Amino acid sequence: AITFGHLILQIDTDQNRPQVKLPHNPLSLPLPKSDFTDSTEAILPDHAVTWTARESCSMLRDGRHVMVVGVCDPLPILTLLFDQLKPAERSEISFACGLKFSNQRDFRLQITRESMNPRLKKELDRSGIAAIDLQRVLV
């Protein structure tokens, strides 16, 4: 709401904030290519982005916490994911990108650049977090 200019916050005010409604129809835009840069290629093929976003959306709707594991550009995945969610669902999803796994973070969706390994898999299983391993998606 702030980005689109629908909500302007005054610094020194005790007033109640106005209610802002999210549009019922999400904006339909082409998949973005972010300025995410690193020493490794981070762009996933479109079919992998689409599958990852749909699978994440399904798991989130089932009330699960989800971790996408592997090198990727999170922006296209997040764009498709939020395009599939209803406005009321969007405000319920907290997410983080690029952070290493920690069971101290209570995000519903995490996208990490770590590779799946036995230690990480064990920690995710113990924490009840559903993992999407991008290496398996690409096979």
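Student: What does the lining of the second largest pocket contain by class?
Tutor: By class, 6 lining residues of the second largest pocket are nonpolar, none is polar and 4 are charged. Ala, Val, Leu, Ile, Met, Phe, Trp, Tyr, Cys and Pro count as nonpolar, Asp, Glu, Lys and Arg as charged, and the others, Gly among them, as polar. This is a predicted model, in which local features need pLDDT of at least 70 and side-chain atom pairs count only at pLDDT 80 or more, while totals for chains, interfaces and linings use all residues. Residues are numbered from 1 along each chain as its sequence is written, and side-chain values use heavy atoms, with hydrogens and water left out.

Student: Which element gives the most to that lining?
Tutor: β4 does, with 4 residues. The lining includes Trp 51, Lys 121 and Asp 133.

Student: Why is Glu 114 called buried?
Tutor: Buried means under 20% relative accessible area, exposed over 50%, and partly exposed in between (1.4 Å probe, protein chains only). Glu 114 has 15% relative accessibility, and therefore counts as buried. Glu 114 is found in the loop between β3 and α4.

Student: What makes the buried residues of α1 line one face of the helix?
Tutor: Those buried residues include Ala 48, Val 49 and Leu 60. Seen down the axis of α1, the buried residues fall within an arc of 165°, so they line one face; the arc is that of the directions from the helix axis to the C-beta atoms. On the other side of α1, His 47 and Arg 54 are exposed.

Note on methods. Helices (H or I, at least four residues) and strands (E, at least two) are DSSP runs, numbered from the N terminus. On a 1 Å grid over the protein atoms alone, a cavity is a set of points where a 1.4 Å probe fits but cannot get out, and a pocket is an open set with protein on both sides within 12 Å along at least five of seven lines; lining residues have an atom within 4 Å of a point.
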